[in-house]
Amino acid sequence: MINTLEKKVYYCQLFHIYGKLLTNKQQELFIAYYEDDYSLQEIADEFSISRNAVHDAIKTAIKNLENFEDSLHILKKNEKLDAIIEKYQTQKEYAQIINELKEME
């Protein structure tokens with residue numbers, strides 16, 4: 001089972017890739033909860049909505065992010081690319097390619 005910190009990192013990675021595909025409200029609530037580390041109640045108070053509405057919106061945002069990744073696999077592909085770069089980074093003949101790939105980020 002994935003621990004809470006790993007889950008948070010995973011969701012933030014997905015948000016970094018797919019966040020612009022969420023609604024503005026979902027983006028704001030996600031950022032407040034996962035990046036600014038506000039509690040559900042603090043977010044509810046800030047946005048003048050119920051704690052349950054915050055919870056539901058964040059849950060929906062996460063489901064959407066996971067669906068995007070299930071369809072597009074961008075995070076998975078990035079992780080594979082990072083592994084390939086790491087593998088060949090120490091070999092001088094590949095240094096130019098590695099540098100060019102890093103500039104793409």
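**Rings, core and packing**

Modeller: Tyr34 counts as buried, at 12% relative accessibility (buried is under 20% relative accessible area, exposed over 50%, partly exposed in between, with a 1.4 Å probe and protein chains only). Mind that this is a predicted model, where local features need pLDDT of at least 70, side-chain atom pairs count only at pLDDT 80 or more, and totals for chains, interfaces and linings use all residues. Residues are numbered from 1 along each chain as its sequence is written, and side-chain values use heavy atoms, with hydrogens and water left out.

Biologist: And Tyr33, what's its relative accessible area?

Modeller: 29%, so Tyr33 is partly exposed.

Biologist: How many aromatic pairs does the structure hold?

Modeller: Six (ring centres of Phe, Tyr or Trp, using its six-membered ring, within 6.5 Å; planes under 30 degrees apart are stacked, over 60 edge-to-face, the rest tilted). Tyr33 and Tyr34 make an edge-to-face one, 4.9 Å centre to centre with 90 degrees between the planes. Ring pairs also link Tyr10, Tyr11, Phe15, Phe30, Tyr33 and Tyr34 into a cluster.

Biologist: What does Ile62 touch, leaving out residues up to four places away in sequence?

Modeller: Tyr11, Phe30 and Tyr34, with contact meaning heavy atoms within 4.5 Å.

Biologist: Switching topic: which residues of H1 meet H5?

Modeller: Tyr10, Gln13, Leu14, Ile17 and Tyr18 in H1, against Ile74, Leu75, Asn78 and Glu79 in H5. Helices here are DSSP runs (H or I, at least four residues), numbered from the N terminus.

How values were computed
Helix = DSSP H or I, 4+ residues; strand = E, 2+ residues; numbered from the N terminus.
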